[in-house]
Amino acid sequence: MIPYVLAVSAVTAILVTTALRSGPMPRPAPLIAMLVLYGLVWLVGDTFVESHVNLSLLGVVLLAAAVILGPPGAALFGVAIAALSRQAGPWWARLFNMAMVGLLASAGGLVYPLVGGRSDIGEVVGAGPLLREVAVPLLVADVVQALLNVALVVGIVRLAQGIPIRLQAKRMILSSGAVYLGYGVLAFVLVVLWLPAGLGPMSILLLLVPLFGAQWALAQYSAQVASQEASLEVLVAAIDTHHPEGSGRSARVGDLAARTAEHLGLGVLEVNDVRRAGRLNGLDQVTAGSGRADGARMLEGLTFLKGAATLLAAPDPAPVGAVVVAAAARFDDLVHRLGMPPAEALAALSPDVPVRVTEALAWSWDRVPAPDLADGEAGS
Amino acid sequence: MRTRPQPVSPTLLVVVTAALLGPALALGAADLVGVASTHPRLIGLFVLLLVGGELAPVRLPSGRLLAPLSTAAALTLALLGPVHGEDDLVMGPWTPPLLLAACQGIALAVRPGRDRASVAAARLLGVAAVAWLARGLVVDGRSFVTWWAGGAAPGWLASACMLLLALAGLLVERLVAAAVQARGHRRLRTAIRGESSEAGPFTLAISAAAPMAALMAPVLGAAALPLALVPVGLTAVAVRRYAAVGETFRQTVRALSRLTEEGGYTPAHHSERVADLARAMGERLGVAERELLDLEYSALLHDLGQVSLREPLEGGATIHVAPADQQRIADHGAEIVRRNPGLVAAADIIATQAVPYRAVVEDLAEVPLSGRVLKVANAFDDLTGGRRTPAVVAQALERIELGLGYEYDPVTVAALATIVGDEVRGQSPRATAGQDTARPL
């Protein structure tokens with residue numbers, strides 16, 4: 001990990017040096033203006049589009065710096081904001097993030113003129129020349145920045161979390177490709193407003209206004225998605241309230257069923273559905289008062305729990321996930337409610353449950369963390 | 001009791017807009033024909049964006065309709081100065097609203113709708129105001145557009161003025177829209193607060209597009225227009241996603257509210273009826289839009305605490321149980337609902353639903369207005385079982401009024417009486433969810 005971070009930092013140092021030597025230093029006024037405006041961008045903050053993709057005006061500003069400040073200015077700007085940004089985490093993570101910003105800014109600054117981009121565009125007018133001499137080179141620099149970003153992040157994620165390079169690269173390109181295209185278009189708007197239209201720093205404020213609106217909407221969206229997911233907790237709390245003597249059962253069954261499903265090789269989404277179905281397994285008891293005892297019916301209309309509802313209502317022959325949930329729930333009742341030793345409980349399941357499921361259940365039970373077991377026993 | 005708001009009906013708004021702007025727009029017809037003949041490509045591009053924008057509005061979670069692309073394009077036309085590659089654009093103040101009205105007519109012919117017509121009229125008034133301020137108002141022999149296009153103003157000042165003008169137009173639009181929203185039981189002040197909180201950030205986003213397009217047009221030509229609409233388009237996509245997931249969450253809460261019905265604790269549709277009634281009462285009492293949603297969610301989930309009971313209550317009516325038991329059920333319900341961070345405000349309301357009004361007056365118990373509304377709405381539905389016949393309503397109100405000032409807040413009871421009174425008299429029919437057999441009063 002650390003050698004990788006040091007190597008990235010070394011490459012950044014080389015690129016920054018090259019960019020600084022590639023032309024005259026920028027005038028201080030635009031550089032200071034961009035730094036001040038970056039402060040405003042930082043105040044607005046990032047908004048997560050999806051779990052690992054975020055929308056930030058920093059991406060737009062980093063790209064536009066290649067035109068507005070030129071290669072040396074872009075490198076200086078990148079180094080300055082890397083140095084000014086305060087981050088949490090271990091030193092190597094902070095160093096990596098700082099190196100990333102410097103590297104992307106320098107690379108953008110170097111690529112733009114290499115592919116024919118003009119920096120003296122104050123007098124350029126007309127859609128044709130502006131598209132040819134600014135927009136297209138800017139988009140090329142954008143693509144280079146995007147690819148470098150993917151390459152560097154894929155490397156660190158592989159080393160830190162062990163996620164395969166190809167999988168992570170595909171995930172990043174699919175999820176953030178459109179965002180980078182948006183950065184390219186917005187950077188072009190920023191450049192045109194700043195230089196040919198003569199607005200200067202005011203242009204970034206003008207661009208900040210609609211992006212603030214977009215970030216507001218995305219923040220609302222993220223909060224709603226989180227609330228949607230948390231609705232499961234309301235149902236689980238209702239089950240636990242209905243049967244206080246079985247407190248903790250929902251969590252235990254969900255955890256055990258998910259571990260068993262994982263051991264049986266079910267996919268990530270299926271394991272997630274199994275965990276949810278396990279947690280909601282006691283819903284039948286809440287609805288039993290109406291004489292229907294049909295918890296799955298309750299889940300109609302809850303689209304995010306559709307998979308779990310399918311498992312709870314599964315007919316015979318039930319899919320593996322449904323068998324796992326039912327087996328984990330019965331096993332939990334035998335052990336925690338009836339006080340049966342685990343080995344006997346597994347033996348009691350055997351006639352109705354396939355051997356591979358009871359084996360996976362036994363394997364998972366052996367690996368239930370001690371605190372979970374203690375909590376469960378305390379609640380039973 | 002507060003005075004009842006005077007409604008502005010959507011139809012009336014369309015008629016008034018036509019009457020106000022009709023003659024002026026007719027005067028601008030010749031001007032529009034002239035501009036269209038000298039700048040056919042430019043006007044064609046605007047027509048495309050205006051009609052497209054009108055046909056693809058964005059519906060916010062509250063149901064408000066906005067047409068961000070159309071609004072931004074119309075405001076751009078109102079502020080537009082020189083366009084690279086085009087002859088000088090000489091245009092009177094009525095040309096932008098006239099073009100917008102024509103495009104709205106096309107869009108309404110393709111996809112008619114009364115609510116669409118009223119929001120289109122509000123938009124037209126806003127654009128007309130900006131066009132008049134930018135092109136019609138002449139100071140020292142110059143209009144605003146002549147001033148900025150002549151290069152007399154520095155770029156930052158011109159863009160700041162344009163931003164203010166666009167915001168003024170959008171303010172007119174939102175105020176007119178709020179007046180339309182303030183029909184029925186909703187108060188105008190509540191509607192304006194709702195407009196500013198929900199549509200405000202989006203409106204801000206739209207306001208920047210017109211200055212961007214107008215300022216880029218002298219160097220970029222007509223291409224400036226679609227380019228400046230990109231940020232608005234991004235915002236619109238984000239808002240659409242937010243609105244979609246917001247609606248899904250609303251359905252989720254409604255589905256959660258069925259738990260007590262499926263468990264046999266409460267009668268069918270009780271929580272939905274309480275939610276509808278509580279929302280109407282909240283609107284009438286001026287509860288802000290965000291709090292209205294919390295009130296609706298709390299009403300939908302107010303009986304969730306009953307799942308802690310070993311045996312269901314008779315008819316699921318908490319009004320008939322002892323105060324201590326009512327509070328216990330409320331506490332259990334609040335505890336369950338609080339597990340969702342997005343429903344904490346609703347949980348707080350649920351926790352206070354059993355507190356008698358005298359505790360607010362005598363012991364200074366902190367019970368929000370929403371909690372007092374929920375208490376009365378729940379009691380009314382417990383007593384009527386959802387039936388709205390004059391006799392049942394009168395009996396239920398009589399029973400509630402016995403506890404006036406002691407158990408129930410007089411202000412909320414007055415709101416209830418007005419709303420259900422209007423319903424019974426057929427003045428403001430509201431769809432009520434399924435009715436149950438009335439319980440003994």
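Within chain B of this predicted model, 10 residues of domain 1 of chain B are in contact with 9 residues of domain 2 of chain B. On the side of domain 1 of chain B that touches domain 2 of chain B, the residues divide by class into 5 polar and 5 charged, with no nonpolar ones. The domain assignment of chain B places domain 1 at residues 10-247 and domain 2 at residues 258-424, and the centres of domain 1 of chain B and domain 2 of chain B, taken over C-alpha atoms, are separated by 44 Å.

## Where the two chains meet

The contact between the chains takes 56 residues from chain B and 55 residues from chain A. On the side of chain B that touches chain A, the elements that give two or more residues are α8 (155-181), α9 (188-207), α10 (209-220), α11 (224-256), α12 (259-262) and α15 (323-337) of chain B. Which of these elements gives the largest share of the side of chain B that touches chain A? The largest share comes from α11(B), which supplies 19 residues. By class, the side of chain B that touches chain A is made up of 35 nonpolar, 17 polar and 4 charged residues.

Two packed helices are described by the angle between their axes and the distance between the axes.

| Pair of helices | Angle between axes | Distance between axes |
|---|---|---|
| α1(A) (residues 2-21) and α5(A) (residues 91-114) | roughly 30 degrees | within 8 Å |
| α14(B) (residues 289-301) and α18(B) (residues 369-384) | about 40 degrees | 10 Å |
| α2(B) (residues 29-38) and α5(B) (residues 95-110) | about 85 degrees | 9 Å |

In chain A, the axes of α1(A) and α5(A) cross at roughly 30 degrees, and the two helices are therefore roughly parallel to each other. The crossing of α1(A) and α5(A) is left-handed. Among the residues of α1(A) that take part in the contact are Ile2(A), Val5(A), Val8(A), Leu15(A) and Ala19(A), while those of α5(A) include Trp92(A), Phe96(A), Gly102(A) and Leu110(A). Taken by class, the contact of α1(A) with α5(A) has 14 nonpolar and 6 polar residues, and no charged ones.

In chain B, α14(B) and α18(B) pack at an angle of about 40 degrees, and that angle makes α14(B) oblique to α18(B). Here α14(B) passes α18(B) in a right-handed crossing. The residues that make the contact are Glu291(B), Asp294(B), Leu295(B), Ser298(B) and Ala299(B) on the α14(B) side, and Ser370(B), Val373(B), Leu374(B) and Ala377(B) on the α18(B) side. The contact of α14(B) with α18(B) divides into 5 nonpolar, 2 polar and 2 charged residues.

How are α2(B) and α5(B) placed, roughly parallel or roughly perpendicular to each other? Their axes pack at an angle of about 85 degrees, and α2(B) and α5(B) are therefore roughly perpendicular to each other. In this pair, Ala29(B), Asp31(B), Leu32(B) and Val35(B) of α2(B) meet Thr95(B), Leu98(B) and Leu99(B) of α5(B). The residues of the contact of α2(B) with α5(B) divide into 5 nonpolar, 1 polar and 1 charged.

For the model as a whole, the scores are ipTM 0.72 and pTM 0.76. Chain A has a mean pLDDT of 83, with 90% of its residues reaching 70 or more, and chain B averages a pLDDT of 85, with 93% of the residues scoring at least 70.

Within chain A, confidence is highest in α1(A), at a mean of 93, and lowest in helix α17 (residues 370-379) of chain A, at 39. Over residues 371-380 of chain A the pLDDT is below 50, and this stretch has 11 contacts in the model beyond near neighbours in sequence. Residues 48-53 of chain A also have pLDDT under 50, and for them the model has 12 contacts beyond four places in sequence.

Within chain B, the mean confidence is highest in helix α4 (residues 68-79) of chain B, at 96, and lowest in helix α1 (residues 10-27) of chain B, at 74. The pLDDT is below 50 over residues 1-7 of chain B, a stretch with 8 contacts in the model beyond near neighbours in sequence. It also stays under 50 over residues 429-441 of chain B, for which the model has 36 contacts beyond four places in sequence.

Technical notes:
Residues are numbered from 1 along each chain as its sequence is written. Chains are lettered from A and ligands numbered from 1 in the order in which they are written. This is a predicted model: local features need pLDDT of at least 70, side-chain atom pairs count only at pLDDT 80 or more; totals for chains, interfaces and linings use all residues. Axes are lines fitted to C-alpha atoms, for helices over the stretch in contact, and angles run from 0 to 180 degrees between N-to-C directions. Helices (H or I, at least four residues) and strands (E, at least two) are DSSP runs, numbered from the N terminus. Angles under 35 degrees count as roughly parallel, over 145 as roughly antiparallel, 65 to 115 as roughly perpendicular and the rest as oblique. A crossing is left-handed if the near helix is turned anticlockwise from the far one by less than a right angle, and right-handed if clockwise. Two residues are in contact if their C-beta atoms, placed from the backbone, lie within 7 Å. Ala, Val, Leu, Ile, Met, Phe, Trp, Tyr, Cys and Pro count as nonpolar, Asp, Glu, Lys and Arg as charged, and the others, Gly among them, as polar. Domain bounds come from an automatic or database domain assignment. pLDDT is the predictor's confidence in each residue, from 0 to 100.
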